Amino acid sequence: MFKMDKPELELYGARTGNSLRAAIALEEAGLAYVQQFIDLRAGAHRQPDFLALNSAGQVPILVDRRVSLMVLTQSNAIMMHIANAAPERLLPGKSAIRRARFHESFFYFITDVIAPNNAAFQMKLAGKEKEADYLVWRSVAKLEASERFLVDGPYMAGDRFTLADIAGYTIARASEASVAWDRLGRLKAWFDLVGSRDGVRRGLQAFDVRKPN
């Protein structure tokens, strides 16, 4: 399943929101990496060589060999690690106000929008449809309320693209059909702007099995 060469940065993932966020971060950071598609349906995440990297059997995984071998298995930690390697591309700069707004919007998407959406998926697997429907509704409502962050610029933290936009865009894309875009002009403009970025487009295709490797 795994390649024999040893690239400096290697991202194991699938077409999941967490994996795509990590891939977009790498693309937007301009860091060279090798992507390894993990076929979840075929159970590739349960094979011994994968479990040796992450015993929880989850994606994404970032293997960083640039200084010494480091393996990260938490998607938000992966994103922050990537951002720290290219702060001028993924972080808000030195302004205390911009940093505060970045942290507010980034953690808002992680905890208030993405988390209930993930919980809804688990509820559906458990056969709890009513609970799942409520969590989906709550996630979309919180996503729509994120328009309030777009007051000082076209991006979530102002005039600079950051991890907050990656977190927000991927969940907005997954929830696109449920969002009331016609009454959310600023949010729609942001969604279209982020979706037009070359790094975002490449990241979304990172684990597209229809693409030749």
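Colleague: Which residues does Leu72 touch, not counting those up to four places away in sequence?

Modeller: This is a predicted model: local features need pLDDT of at least 70, side-chain atom pairs count only at pLDDT 80 or more, and totals for chains, interfaces and linings use all residues. Residues are numbered from 1 along each chain as its sequence is written, and side-chain values use heavy atoms, with hydrogens and water left out. Contact means heavy atoms within 4.5 Å. With the sequence neighbours set aside, Leu72 touches Pro60, Ile61, Leu62, Ala77, Ile78 and His81.

Colleague: Is Leu72 buried or exposed?

Modeller: Leu72 is found in strand β4, residues 70–72. Helices (H or I, at least four residues) and strands (E, at least two) are DSSP runs, numbered from the N terminus. Buried means under 20% relative accessible area, exposed over 50%, and partly exposed in between, with a 1.4 Å probe and protein chains only. At 18% relative accessible area, Leu72 is buried.

Colleague: What is omega for the peptide bond from Val59 to Pro60?

Modeller: Most peptide bonds are trans. Pro60 sits in the loop between α2 (48–51) and β3 (61–64). The bond from Val59 to Pro60 is cis, with omega near 5°.

Colleague: How do the axes of α1 and α3 lie relative to each other?

Modeller: Axes are lines fitted to C-alpha atoms, for helices over the stretch in contact, and angles run from 0 to 180 degrees between N-to-C directions. The α1 and α3 axes come within 9 Å and cross at roughly 0°. Angles under 35 degrees count as roughly parallel, over 145 as roughly antiparallel, 65 to 115 as roughly perpendicular and the rest as oblique. So α1 and α3 are roughly parallel.

Colleague: Which residues of α3 make that contact with α1?

Modeller: On the α1 side are Asn18, Arg21, Ala22, Ala25, Leu26 and Ala29. From α3 come Ser75, Ile78, Met79 and Ile82.

Colleague: What is the orientation of α1 to α7?

Modeller: The axes of α1 (residues 17–29) and α7 (residues 163–174) come within 10 Å and cross at roughly 140°. Arg21, Ile24 and Ala25 in α1 meet Leu163, Ile166, Ala167, Thr170 and Ile171 in α7. The two helices are therefore oblique.

Colleague: How are α5 and α6 oriented?

Modeller: The axes of α5 (residues 96–125) and α6 (residues 129–145) come within 8 Å and cross at roughly 160°. That makes α5 and α6 roughly antiparallel.

Colleague: Which residues have the most contacts inside the largest nonpolar core?

Modeller: A nonpolar core is a set of buried Ala, Val, Leu, Ile, Met, Phe, Trp, Tyr and Cys residues joined through side-chain atoms within 4.5 Å. The largest has 52 residues. Elements giving two or more residues to this core include β1 (9–13), α8 (185–195) and α9 (198–204). The residues with the most contacts inside it are Leu90, Leu163 and Trp190.

Colleague: Which residues does Leu163 touch, not counting those up to four places away in sequence?

Modeller: Leu163 is in α7, at the contact with α1. Its partners, with sequence neighbours left out, are Ala25, Met79, Met80, Ala83, Leu90, Phe102 and Phe106.

Colleague: What is the relative accessible area of Ser175?

Modeller: Ser175 lies in the loop between α7 and α8. Leaving aside neighbours within four places in sequence, Ser175 is in contact with Asn117, Val140 and Leu143. Ser175 is buried, and its relative accessible area is 7%.
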